[in-house]
Amino acid sequence: MTDETKKLAAEAIGSCLATRLRLATRVVTKLYDAALRPFGVTVSQLALLAVAADRGAIRQFEVGPLLQLDDSTLSRNLDRMRTNGWLEKVEEEDARVHTHRLTESGRGLFERVMPAWRGAQARANELLGEAGVQALNRFASENGFGS
């Protein structure tokens, strides 16, 4: 290894924002998933439940980009959520449009899981700190997601 190669490696390892952000994402995701595990739901599925609860229905082609989920991950989550009875498919005139709405069971699950989610949210806030949370909220808002 040359000194230049080692210097470049140290730069990439020590300051790559993408790597650090991916690390933070994995840590925070594990935190939420651990809190939600007793309910049999993941944080990705909870996000889908929340969007369905907020909008009344979710269209696969709209919610994927909103939550930055690829088609296969989104389809797999929606399939599991229908199998669990949390979502139901809504018939559309255009069979290519896949719309889902929250079932009564899904609504009940969503309401039951929120206290555990709030606990994970508080811990994530502690880990990220006020500046980190503000940066994430600003980023989400600037990219079309937020309150």
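Trainee: Which pattern does the chain follow when it is read along the sequence?

Mentor: Helices (H or I, at least four residues) and strands (E, at least two) are DSSP runs, numbered from the N terminus, and read in that way the chain of this predicted model follows α-α-α-β-α-α-β-β-α, which comes to 6 helices and 3 strands. The radius of gyration, taken over C-alpha atoms, is 19 Å, well over the 15 Å that the globule rule (2.2 Å times the number of residues to the power 0.38) gives for 147 residues, so the chain is more spread out than a compact globule. Along its principal axes the C-alpha trace spans about 65 × 35 × 30 Å.

Trainee: What should I keep in mind about numbering and confidence?

Mentor: Residues are numbered from 1 along each chain as its sequence is written. Local features need pLDDT of at least 70, side-chain atom pairs count only at pLDDT 80 or more, and totals for chains, interfaces and linings use all residues, while side-chain values use heavy atoms, leaving out hydrogens and water.

Trainee: How many bridges join strand β2 to β3?

Mentor: Two strands pair if DSSP finds at least two bridges between them; here β2 (residues 87-90) runs antiparallel to β3 and is joined to it by 4 bridges, with Glu88 partnered by Arg101 of β3. Strand β1 (residues 58-59) is also antiparallel to β3 (residues 99-102), through 2 bridges, and Ile58 has His100 as its bridge partner there.

Trainee: What percentage of the 147 residues count as buried?

Mentor: Taking buried as under 20% relative accessible area (1.4 Å probe, protein chains only), 25% of the 147 residues count as buried.

Definitions and conventions. Buried means under 20% relative accessible area, exposed over 50%, partly exposed in between (1.4 Å probe, protein chains only).
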